[in-house]
Amino acid sequence: MIHTDSATELFRPDSAKTAGLWGEIHELGHNQQRSCWEFRPHTTEATCNLWSVYVHEEVLGLKREKAHPSMILTNRKNTVDKYVKGGKNLSDWNVWTALETYLQLQERFGWDAFKKVFAAYQQMSSFPSENDAKMNLYAETFSQTVGMNLSAFFKAWSWPIDRATEEILCNLPPWSDHPMVQYD
């Protein structure tokens with residue numbers, strides 16, 4: 001899926017390495033989304049941007065803050081501050097705010113963690129259909145993948161992490177210095 005008029009940009013590699021291809025990769029990123037780890041409507045326009053960040057950094061060699069203005073560190077911080085000041089309502093967790101959650105995970109655990117999480121989902125055969133259960137499964141899967149209890153991190157983002165998930169992860173060391181600690 002990509003808009004036809006945008007597709008021509010994919011064939012200008014020199015331009016891509018300097019100006020980026022955020023919109024085009026964003027659209028292609030929608031093709032990579034899977035309902036088992038998507039929390040609609042929150043992540044519809046957020047997780048597709050994981051591919052925008054990844055492609056810009058790992059393929060094009062363009063830093064994320066050069067790829068899109070919303071990736072500039074001060075803009076990212078403002079996004080988090082606004083979310084926190086607004087009461088950390090999950091109904092406001094979308095687009096750039098939701099993407100920030102994933103970027104914080106990526107900055108701590110790297111791209112390989114995401115590759116392993118997505119691979120783990122490929123091995124699963126049944127998935128919950130409700131967001132609350134899907135978010136718990138994601139928190140559990142990511143935690144087990146990185147060998148660290150990420151419950152507090154996800155709860156700091158107002159994910160509905162339930163007691164059962166916390167119990168499953170209680171034997172893992174907690175991520176106690178996660179970026180959202182400053183807002184608790």
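1. Salt bridges come first. A salt bridge here is a side-chain nitrogen of Lys or Arg within 4 Å of a carboxyl oxygen of Asp or Glu. The side chains of Asp-81 and Lys-77 meet this criterion, at 3.1 Å from N to O. Both residues sit in helix α6, four residues apart, so about one helical turn separates them. Helices (H or I, at least four residues) and strands (E, at least two) are DSSP runs, numbered from the N terminus. Asp-81 is buried, with a relative accessible area of 16%, whereas Lys-77 is partly exposed at 45%. Buried means under 20% relative accessible area, exposed over 50%, and partly exposed in between (1.4 Å probe, protein chains only).

2. Basis of the note. This is a predicted model, in which local features need pLDDT of at least 70, side-chain atom pairs count only at pLDDT 80 or more, and totals for chains, interfaces and linings use all residues. Residues are numbered from 1 along each chain as its sequence is written, and side-chain values use heavy atoms, with hydrogens and water left out.

3. Arg-76 and its partners. The whole structure has 10 salt bridges. In one of them, Glu-100 pairs with Arg-76 at 2.7 Å, N to O. That pair links distant parts of the chain: Arg-76 is in helix α6 (residues 73-85) and Glu-100 in helix α7 (residues 95-123), 24 residues apart. Arg-76 is buried at 5% relative accessible area, and Glu-100 is buried at 6%. Arg-76 also forms a salt bridge with Glu-107, the closest N and O atoms again being 2.7 Å apart. Glu-107 lies in helix α7 and Arg-76 in helix α6, so this pair ties together parts that are 31 residues apart in sequence. Glu-107 is partly exposed, with a relative accessible area of 46%.

4. The largest pocket. A pocket is found on a 1 Å grid over the protein atoms alone, as an open set of points with protein on both sides within 12 Å along at least five of seven lines; lining residues have an atom within 4 Å of a point. The largest pocket has a volume of about 200 Å³. Volume is the space filled by probe spheres set on the points, with grid points joined across faces, edges and corners. Among the lining residues are Arg-76, Lys-77, Glu-100 and Glu-107, together with Pro-179, Gln-182 and Tyr-183. The elements giving two or more residues to this lining are α6 and α7. Helix α6 gives the most, with four. By class, the lining has four nonpolar, two polar and four charged residues. Nonpolar covers Ala, Val, Leu, Ile, Met, Phe, Trp, Tyr, Cys and Pro; charged covers Asp, Glu, Lys and Arg; the others, Gly among them, are polar.

5. The cavity. A cavity is a set of grid points where a 1.4 Å probe fits but cannot get out. The structure holds one of 30 Å³ or more. The largest cavity has a volume of about 40 Å³. Ser-70, Met-71, Arg-76, Thr-79, Trp-96, Glu-100 and Leu-103 line it. Helix α7 gives the most to this lining, with three residues. The lining divides into three nonpolar, two polar and two charged residues.

6. The nonpolar core. Such a core is a set of buried Ala, Val, Leu, Ile, Met, Phe, Trp, Tyr and Cys residues joined through side-chain atoms within 4.5 Å. The largest one has 40 residues; those with the most contacts inside it include Trp-93, Phe-114, Tyr-138 and Trp-159. Helix α7 gives the most, with 12. Leaving aside residues up to four places away in sequence, Tyr-138 touches Trp-37, Phe-39, Tyr-102, Phe-114, Val-117, Tyr-121, Phe-154 and Trp-159. Contact means heavy atoms within 4.5 Å.

7. Backbone points to check. Most residues other than glycine have a negative phi, and most peptide bonds are trans. A cis peptide bond joins Arg-40 and Pro-41, with omega about 5 degrees. Pro-41 is in the loop between α3 (22-30) and α4. Lys-88 has a positive phi, near 50 degrees. Lys-88 is in the loop between α6 and α7 and is buried at 17% relative accessibility. Val-95 also has a positive phi, near 40 degrees. Val-95 is in helix α7 and is partly exposed at 30%.
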